[in-house]
Protein chains: 2
Amino acid sequence: MGSAMVFPLVDSGFEVNLWGTWLDDDLIDGARAGEHPRLKKSLPESVGLFKSTELAEAIDGADMIFIGVSSEGFVPVFEEALKVMQSPRPVFTLTKGFSILRGTPQRTSTAGTTLFKETFGNGPLHWTSIGGPVKAFELARAIPSPAIYGTASAQAVATGRSFQTDYYRVRTTTDVAGVELCSALKNVYAMGVGLCDGLFHERFPRNYHNLSSLLFNQSIREMAEVVAAEGGKTETAYDLAGVGDLYVTAQSGKNQYFGYLVGEGMAPEEAYQKMQSEGQLAEGYLALKAGRDWLSSNHPDIVSELPLFNTLSHIALENGPVESSLREMVVNHL
Amino acid sequence: MGSAMVFPLVDSGFEVNLWGTWLDDDLIDGARAGEHPRLKKSLPESVGLFKSTELAEAIDGADMIFIGVSSEGFVPVFEEALKVMQSPRPVFTLTKGFSILRGTPQRTSTAGTTLFKETFGNGPLHWTSIGGPVKAFELARAIPSPAIYGTASAQAVATGRSFQTDYYRVRTTTDVAGVELCSALKNVYAMGVGLCDGLFHERFPRNYHNLSSLLFNQSIREMAEVVAAEGGKTETAYDLAGVGDLYVTAQSGKNQYFGYLVGEGMAPEEAYQKMQSEGQLAEGYLALKAGRDWLSSNHPDIVSELPLFNTLSHIALENGPVESSLREMVVNHL
């Protein structure tokens, strides 16, 4: 995703340095050789390319930084970036999920703010969490793609809007919590739609959409509930960060596929490992684990009002039976 | 849809008579012979089957009536039903779309109430408009299916809940307008997702979902706007009647297919006729025409705030170019 963002940034007139983590040296090698291996196309020529050992050079002189790593990678990568940052910079993060900071799952902006303050004290932090239905492969092909920038910083709003192109659309909201929670939870809930696909695609080919729709709809209700409990706006769940991003994630992608494998009968841990061995990260599985802990610590009072979340936990974290768990949820809670 | 409803009604203990309109004699013949031609299965044995000339017998002694015809058929069918009704009966309607009563498009409950009062004066009308993601073929196979009953009648709420089974779930709301408008408009907006499929499926196979999601998301925003203008609740658009039903309709079905044909380059009127010749009604095309008139008569002030609706009008009713119209909308309005 970080790689794909270079297209709108270059097209809107920015100079961009792209740095790859210690897991991404092959991506940078590929991009240098002429084709980005994941995006399957060359990057704009003006983009500076930096391998994992070259973080200081990549950040040197940058006016702002974008972080596009997975939720697992956010804390270690941001820690490295802070070590070589000379002064506070505005941070835009594309990470979707919960971050684990010193053993505790938290919203990425919470973890990021803690780390930032440890380095820069109260030096100004212009933080933006980016959500919305923007798949990297499509963004790199200029498919019209809408992002939602959650930030409390007026400066970051103005900067974010300057990234806009004909195909990369930027809306803004002050509801950082809402954007972050929807972005994390949509990966969880997309697994639910995938479960349904895996469970029924042979028995009822293309004819189980009433249930998919019930799961999709319930996902939005529950995301709105979690956002409200955290003090965010339910509207955030009903717009790009929620409805829009869950839609794209339920259509295709890694989390839908993880659910599909489990729906077909594979054990969740086995499905996660199989995907990882193929270079695919099922972030929804991690977000489900982290989200369950985060909810029970931060909002224990609403857990019983999230029947789909609880059913997905039962299936994916406790190896509960797929079909009977879904049917019981429908009859008892929906 | 009327035929499929017999399954949960019989399973929840009701005696059911199924009457087919003058367009449906073949369905009744098929059902009598052992297989319903559309549902591809036999109906429960206890169901009484009545052909078009047998309406009075079908209604005789009925405690309530369900109407499951298309939006075009609602007025003529309800007029016929009122002629043979001995006394006021509660009405449950599955019709989704605008009805045209004496040349004027209106919500189906508005048209229905007018006709009812002309027959029974102020005799009590227990009216329920039913929405939600319930495709007939799936309901007939007991795929878990959630309906939302919009009614102002406490008696109808209780009756509606008694239809519930393990697979047919009934939620209720007093927001009749919201349920009706979402049910009509989701057919319009599903055409938008279909347009995108037809336009891009060859050029970017499975890789245009950022745009599909933007259209899906915008559809929900606009449905909420129309519902609010009519005095309904925006929550209705964010729940089963809106998000849920648009999801099922965008995945498959006649309106998505109509959009698909137009997206591939077929003229809208030609696509409508082609589908009709194959026995498929693109109700979204009718709802777009009727909805445009209804909006300009009833809510002219919000028309400019519905860029996707207007773009779909331009494409489907004025033969506007598909791709450039969509791209202009994205750049200028989203």
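Colleague: Which residues are buried in helix α13 (residues 268–277) of chain B?

Modeller: Keep in mind that this is a predicted model, where local features need pLDDT of at least 70, side-chain atom pairs count only at pLDDT 80 or more, and totals for chains, interfaces and linings use all residues. Residues are numbered from 1 along each chain as its sequence is written, chains are lettered from A and ligands numbered from 1 in the order in which they are written, and side-chain values use heavy atoms, leaving out hydrogens and water. Helices (H or I, at least four residues) and strands (E, at least two) are DSSP runs, numbered from the N terminus, and buried means under 20% relative accessible area, exposed over 50%, partly exposed in between (1.4 Å probe, protein chains only). By that cut-off, the buried residues of α13 in chain B are B:P268, B:A271, B:Y272 and B:M275.

Colleague: Within what arc do the buried residues of α13(B) fall?

Modeller: Take the directions from the helix axis to the C-beta atoms. Down the axis of α13(B), the buried residues line one face of the helix, because they fall within an arc of 100°.

Colleague: And which helices do the buried residues of α13(B) pack against?

Modeller: Count a contact when heavy atoms are within 4.5 Å. On that basis, the partners of the buried residues of α13(B) are, in chain B, α4 (71–84), α12 (254–263), α14 (283–298) and α15 (307–317).

Colleague: Moving on to charges, how many salt bridges are there over all chains?

Modeller: Side chains of opposite charge can pair when their charged atoms come close. Here the test is a side-chain nitrogen of Lys or Arg within 4 Å of a carboxyl oxygen of Asp or Glu. Searching the whole structure that way, the salt bridges come to 30.

Colleague: How many residues apart in sequence are the parts that B:E230 and B:R107 tie together?

Modeller: The side chains of B:E230 and B:R107 meet in a salt bridge at 2.9 Å, N to O. B:E230 sits in the loop between α9 (209–229) and α10 (234–237) of chain B, and B:R107 in strand β6 (residues 104–107), so the separation of the tied parts is 123 residues.

Colleague: What kind of aromatic pair do A:F92 and A:Y149 make?

Modeller: Rings of Phe, Tyr and Trp (its six-membered ring) pair if their centres lie within 6.5 Å; planes under 30 degrees apart count as stacked, over 60 as edge-to-face and the rest as tilted. That rule gives 41 aromatic pairs over all chains. For A:F92 and A:Y149, the centres are 6.1 Å apart and the planes at 65°, so the pair is edge-to-face.

Colleague: What is the angle between the planes of A:F116 and A:F120?

Modeller: A:F116 and A:F120 are 4 residues apart in helix α5 (residues 108–120) of chain A, so about one helical turn separates them. Both are buried. They form a tilted pair, 5.1 Å centre to centre, with the planes at 50°.

Colleague: How far is the charged end of A:R141 from the centre of the ring of A:F137?

Modeller: A charge sits over a ring if NZ of Lys or CZ of Arg is within 6 Å of the ring centre and within 35 degrees of the ring normal. In chain B, B:R141 lies over the face of B:F137 at 3.7 Å from the ring centre. In chain A, the charged end of A:R141 sits over the ring of A:F137, and its distance from the centre is 3.7 Å.
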